Amino acid sequence: MISDEPLVLGIETSCDETGVGIVRGHTLLADAIASSVDEHARFGGVVPEVASRAHLEAMAPTIERALADAGVAFTDVDAFAVTAGPGLPGALMVGVAAAKAYALSLGKPLYGVNHLAAHVCADQLEHGPLPKPCVALLVSGGHSSLLLVPDVTGDVRSLGATVDDAAGEAFDKVARVLDLGFPGGPVIDRMARDGDPAAIAFPRGKYNDGTYDFSFSGLKTAVARWVEAKERAGEPVPVADVAASFQEAVVDVLTQKALKVCKDNGVHDLLIGGGVAANSRLRALAAERCERAGVRLRVPRPKLCTDNGAMVAALGSELLAAGASPSALELPADSSLPIESVLL
Ligand code: KG4
Ligand code: ZN
């Protein structure tokens, strides 16, 4: 019976999205988002202080909207969950302080959770319980990680990560080189549809280095140099071909390494999350390579891929069901929280 399950409210403020999600058990009831992305656009990237202020302004209205969408009252909430890290310190602090205030005033437990583990959990709201174990590829503006997930409530292992730029950051920086605006991912995705992914052989960093790590800064520099050379020669820049060739280099490495983790660990389920998971070519190539490798692929719908409060509520709900002890009221915001700490 759905109505017997606990009602969990999740708060996410690690970057530029103020997210408030409400779940009952595994059922998503509300997923309210206020984004400050437009306020960062002219800077070409997220400005931490601007993001923190925007969270402060958006917090109470976004909570109100989520409660109204779910058709529940504040006093119906059984537990709160909040992203405690990793993320921007000031931005995280706004969410953690708000969650403490709500939990304390209502006398309800609070779970301070890991942002990356929450990304993994998001897919459960759409495709049901996660297979144990599964492999997760999390790619966004702030992180690019390959995780082995035996149990998302307590056993998440980092097998690889970017050694420099995150995948989404590379999309954003290349979009800036091509004068396409911010955020860069969606527009590069669109432009690439009219381009030839084999037009330019951009480097695939760390492709066959035997690790599960990524590197995208060399690729970003290679794109910038290539575009500069064209401009110096007074030739037009074939933007669609550059976008398609750059995008192909990113998704080739991401899918190759993700499937290597699956193969090396005998895992047959791959989950992709984070903002870059919205990329149409990443989805297509992952589907093709997973099918060839006999791996089942799970990618949640775009709204559950980008930062949101629903994923935090989903992880809070899992922790509650697993009987985990709530966080202490001294719960800190930890900007570099390691993935091994699912719950703080
Ligand atoms: O998960 P997210 O909303 O926030 C964090 O960074 O944590 O991800 C945003 C990132 C941005 O870098 C954006 O350019 C990228 O995801 N992104 C995409 C696409 N949509 C968003 N990258 C490639 N293709 C897309 N369609
Ligand atoms: Zn994220």
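The paragraphs below take up these topics in turn.

The model is predicted, and local features need pLDDT of at least 70 while side-chain atom pairs count only at pLDDT 80 or more, whereas totals for chains, interfaces and linings use all residues. Residues are numbered from 1 along each chain as its sequence is written, chains are lettered from A and ligands numbered from 1 in the order in which they are written, and side-chain values use heavy atoms, with hydrogens and water left out.

The zinc ion (ligand 2) is held by His115 (NE2), His119 (NE2), His143 (NE2) and Asp307 (OD) at 2.1 to 2.7 Å. Donors here are N, O and S atoms within 2.8 Å of the metal (3.2 Å for Na, K and Ca), and a site may look incomplete because water is not among the atoms. The angles subtended by the four donor atoms run from 86 to 165°, so the arrangement is irregular. Four donors count as tetrahedral if all angles lie between 85 and 135 degrees; four count as square planar and six as octahedral if opposite donors are over 155 degrees apart and all others between 65 and 115; anything else is irregular.

Along the sequence, the donor residues follow the spacing H-x3-H-x23-H-x163-D. His115 belongs to helix H4 (residues 115-122) and Asp307 to the loop between helix H11 (302-305) and helix H12 (309-321), so this pair ties together parts that are 192 residues apart in sequence. Helices (H or I, at least four residues) and strands (E, at least two) are DSSP runs, numbered from the N terminus. His115 is buried, at 1% relative accessible area, and Asp307 is also buried, at 11%. Buried means under 20% relative accessible area, exposed over 50%, and partly exposed in between (1.4 Å probe, protein chains only).

Helix packing comes next. Lys173, Val174 and Val177 in H6 meet Lys220, Val223, Ala224 and Val227 in H8, where contact means heavy atoms within 4.5 Å.

The backbone also has cis peptide bonds. One joins Gly85 and Pro86, with omega about -10°, and Pro86 lies in the loop between strand S4 (79-85) and helix H3 (89-106). Another runs from Phe182 to Pro183, with omega near -5°; Pro183 lies in the loop between H6 and helix H7 (184-192). The loop between H6 and H7 also contains Asp179, a non-glycine residue with a positive phi of about 60°. Asp179 is exposed, at 72% relative accessible area.
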